[in-house]
Amino acid sequence: MIDKSLNWLDDRLGFAKGGRSFLDKIFPDHWSFMLGEIALYSFVVLLGTGVFLSFFYVPSAHEIVYHGSYVPLRGQHVSEAYGSTVGLSFDVRSGLLMRQAHHWAADIFLGAIAVHMARVFFTGAFRKPREFNWIVGVLMLILGILNGFLGYSLPDDLVSGTGIRIAYSITESVPVVGSYLAFFLFGGNFPGSGVIIPRFFIIHVLIIPAILVGLLAAHLGLLVKQKHTQFAGRGKTEKNVVGSPMFPTFIAKTTGFLFMSTGVIFLLGGFAQINAIWQFGQYEPYQISYAVQPDWYMGWLDGAARIMPSWEWVGWGHTIPLEVFLPAAVFPGLIFAILMAWPFIESVHTKDHEYHNLLDRPRDRPKRTAAGAAMLTLLFGVFFASSTDVMANFFQLPLMDVLWFFRFFVPLAPFVAYFLTYKICNEMREAEGIGKRKHALVVERSAEGEYTTTESPVRPGDEHVELDAIPVPTFIDTSDPELATAAGVRRVIR
Amino acid sequence: MSDHTSGTGGPPATLDDPHLQPLAKNPKRMEALAALSMLVGMAGFVGFIVVYWVDASNEWEALTLGVGMLGLGVGVIAWGKYLMPQGPFVEERHDFHSTDDERSAFNAAVTGRGGLEVTRRKTLLGIFAVGGGLMTLALLIPGVRSLGPKPAKSEDNQGPTDVSLFTTNWKKGSKLVTVGGRPVQVDDLEVGGVLTVFPQGFEGSSPDQVILIRLAQLGPNDPPYPIAAPGRTEWGVQGYVAYSKLCTHLGCPVGLYQEKTQQLVCPCHQSIFDVNAGCIPQFGPAPRPLPQLPITVDPTGQMRANGSFDQAVGPGFWERP
Amino acid sequence: MTARTPRRAAARLAAPAALVGAVALVGLFAFSSGPAQADTTTTTTGPTPTPYGVGSAQPGSVQQTPTAVTAVPSPTAAAAATSPANETGIHYTDLPASFIAPGQALFAANCSSCHGNDARGKTNVAPNLQGLGAGTVDFWVSTGRMPLASTSTQATRKPPRFNRIQTLEIAAWVQSLTPGEGTQVPVVRTSTADLEAGNTLFTLNCAACHTISGAGDALAEGAYAPSLHLATPTQVVEAIRSGPGNMPRFGAGNITNTEARDISAYVTEVLQHPNNSGGVGLGGIGPVGEGFVGLLIGVGILMLVCFWIGDRT
């Protein structure tokens, strides 16, 4: 029956040969190779919940009077964008759950990209032939950050509206064309002619997701074509891949992971409140709240803006607000440029133009690992610098002291981090038996008083024989009915 | 996706091949556990339907949906990890790049026939290149230029605030009013009081937002409050001073006034302005003082502007002199 | 090496899972919003704060009921008898003359060491209290800020040392030094307050220092705007009128009595009982708490799942 159906399809599509090699595709099993899937599945949740939200959200700055269930807002003049978001939260069944799940999924999506990117970086998986995949990944990171910003700005609430004001000022800080860009984007001087919310909406819902889906397809397609990398080990070479077959094992594990990611996101969406916009109120450009930070993935830019000294360049009838332009435009531009160019920076520096399908242990490449640690320290520094006021309040420190601390920490700590990481890597490489399980030493004293040490016996169940990998069998001989039981054959002694 | 495994594969694997065995020591028990997990998942989804039907809170919705997803997920993962053939399996990586012959043939196709056109039809190619560039430009222009108005290029072009970063609606004689439209009288604020004001008729307009602060209780015949910035003492009146509320850093409203230290702190990035000295920035990223609005009191006690701002308000931009 | 049984997998995951769980617990406790404990010296004379907003009590949401209200005895009755009912919801009381003598005794025993026997203050030690009014004194003493814990940092709210009557006695004595001057003790009736107006007023006038959720935050020069989660309506109005510390002073020409009443109702009914329909409030400080939870718990748990599914090398 199945044979007939598959043949019917192959008559028309001719997929059998390619299909079999696809089903036999091998995925190595290391846990750190699954971090990208966290990002992938939170993206799926974003798409699903996003469609739901788009059925209720009204992308309009047009003023209405709020008449919904939230009493402290009743009678207030709010934009349709804000009113529809509050309405979605309180007056639509499971609306708040979907809204919060969407927002949590966005935070997790970018967090997963960050850890996935770190894994790829520290294991050297971006080397030839995977440089394109790395660049596609960095592009997805940039678009993800941008789309997150656009998304949480859509409700037009006090907190995100402040972020939009800041974005306007950053846009107009660009030399020569800044005021034009800002006026074109917003439709005039801030707050503009009311066009920014609908424009953000269409970019957030259509333009960037469409590009992201295309980049995702390229990312996964390259992965399928070039096959996944793997750590070195028994039976693993530059010329093979060892692990689980796509069908049924990997598909089962990854589908289960999809369910678990969705489950975690929905649990957060229902139990942990996020972006309670009804508490913030409608955005008005003359109102502000204290302790306002952007979402975590924008925090590094906010922190950079806070610690930047007030260096504005004025001359020959013009102004370049460097205190804005440098931390908000040049700094991220440099970071993303370095990230994107890194595979080539490294290959030029190491003069290594070979194919690499085996991964490095981070400690085996001290310079790269130290550089990555320095970059992470820099980014963590500016990230934490965005919550200076919250930290000063929480730890009861003077605000100025916290700010000065970060002014020194951010530029200096990366050097310290580089040095320390480099040293640690080299230490680890020289250490005996590192990474292997230690066995207890049994100390025995002979009658004469001599001490001898022997390694303790291996614990029962610890010893195992690793099987040599075989190619995925095409046909399975099911002729012996006794062997084909539901439980499978009793385990072979290992 | 072409993998160079043989078309029909090798000899069939036997069912007792260790690679085909499940990982679990006790597969039957593991299967029961996976089934239990999936049953919990099922219960979760049924629970969600019930919870949705009775319109319970989002905590209940999340709990049922989450339990459903996790139950199903754990079960499927357990199936895949512990019950499916444990492997390991291997596949070969074959060079996926083309052979040297294929490459030279491809390159020849590009450079050969293409090169023929390039050498034979140079002018035509050049004209097409320029035409294509112009086409791109022409198609992009509406998408950029039609979006919004051009900014006014200088202070000379004093258009409405919608198209000018240089002007506000404050003029000499503008009445100070609250956001609700209530005119501000000279007796309204106590010492240490602070109020957001607008020019009458433009309540709520972003570039016009001004913060009014009372530093001292002075009468009309008292000497004016001294502001430690040259020539600025006359810009205040009876202990009042008024500054643009738009932070010169990134445009946030500087609404945080510390009465004892007489400082305005911008809540966004903690720039600190000295109100006594013309709002000079004392700390933080703000580059310029908050522009001061000259104010006065008319004979009826109504507070009015005594002129417009002497410079553009808000953050810096290229055309700002 | 792969964990071959669920027991093994659990053992391998135990340490990282405990770490994530510990972080989750610490984060939830550190960031949990809402009143930590009810103010036991509440002076509300109005009704209990009305639950507002959506639907009935939901699992996981916090419905706060105030502790027993100790009604202010004679001052209210005396005030009600002497001044007409005020539609603005606030009227200012004159404290009974019988409070003055005990107030002087209390002041001499507890406050005069810094403020002097005549409450004129001492340079660089304590300010002059004359002319500030009973309401100002009531604010500082009823919030426990005075007597001061430490002179080097900003005074913090702490359990008040005196009960309500004693506090008013001290306030009455200080007021008697300069009769009629300064902020009076308000009696605030929030039952007819306009919460929507309070919302708008709070956002415009208060949120820039106290944050939109009333959580408070650090200011310049070592100062900070305190959290509003334990304030009573009386204390809110007293603070608005007297402008304690670095807080601006909002007189009746700036924020009218009706508006002050609306703000105090908004603070005590909405901000102190926030509609956290979405779940745990995570401290009411927005993305900082959310970032911690999203990364450490969200990504953390999913990384643990990766740990389970996959192998170590």
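Helix α9 (residues 233-242) of chain C is mostly covered, with ten of its ten residues buried (buried meaning under 20% relative accessible area, exposed over 50% and partly exposed in between, with a 1.4 Å probe and protein chains only; helices, H or I of at least four residues, and strands, E of at least two, are DSSP runs numbered from the N terminus). The model is predicted, local features require pLDDT of at least 70, side-chain atom pairs count only at pLDDT 80 or more, and totals for chains, interfaces and linings use all residues. Residues are numbered from 1 along each chain as its sequence is written, chains are lettered from A and ligands numbered from 1 in the order in which they are written, and side-chain values use heavy atoms, without hydrogens and water.

The buried set of α9(C) comprises Pro233(C), Thr234(C), Gln235(C), Val236(C), Val237(C), Glu238(C), Ala239(C), Ile240(C), Arg241(C) and Ser242(C). These residues pack against β1 (90-93), α5 (134-142), α6 (164-177), β2 (185-188) and α10 (257-271) of chain C, a contact being heavy atoms within 4.5 Å. Gly243(C) follows α9(C) and has a positive phi, near 55°.

In chain A, 16 helices and twelve strands make up the secondary structure. The C-alpha trace of chain A spans about 80 × 70 × 50 Å along its principal axes. Of the 494 residues in chain A, 54% are buried. Among contacts in chain A with a separation of 6 or more, 73% are between residues 24 or more positions apart. The accessible surface of the chain is about 22,200 Å², with 69% belonging to carbon and sulfur atoms (Shrake-Rupley method, 1.4 Å probe; for residues, only the protein chains shown count as cover).

A nonpolar surface patch in chain A consists of Met1(A), Ile2(A), Leu6(A), Trp8(A), Leu9(A), Leu13(A) and Phe15(A), which together have about 780 Å² of accessible area. Patches are made of residues with over 30% relative accessible area and no salt bridge, like charges being joined within 9 Å and nonpolar side chains (Val, Leu, Ile, Met, Phe, Trp, Tyr) within 5 Å; a salt bridge is a side-chain nitrogen of Lys or Arg within 4 Å of a carboxyl oxygen of Asp or Glu. Leu13(A) is located in helix α1 (residues 2-13) of chain A and is exposed, with a relative accessible area of 62%. Leu6(A) also lies in helix α1, but is partly exposed at 41%. The C-alpha atoms of Leu6(A) and Ala16(A), ten residues apart along the chain, are 8.4 Å from each other.
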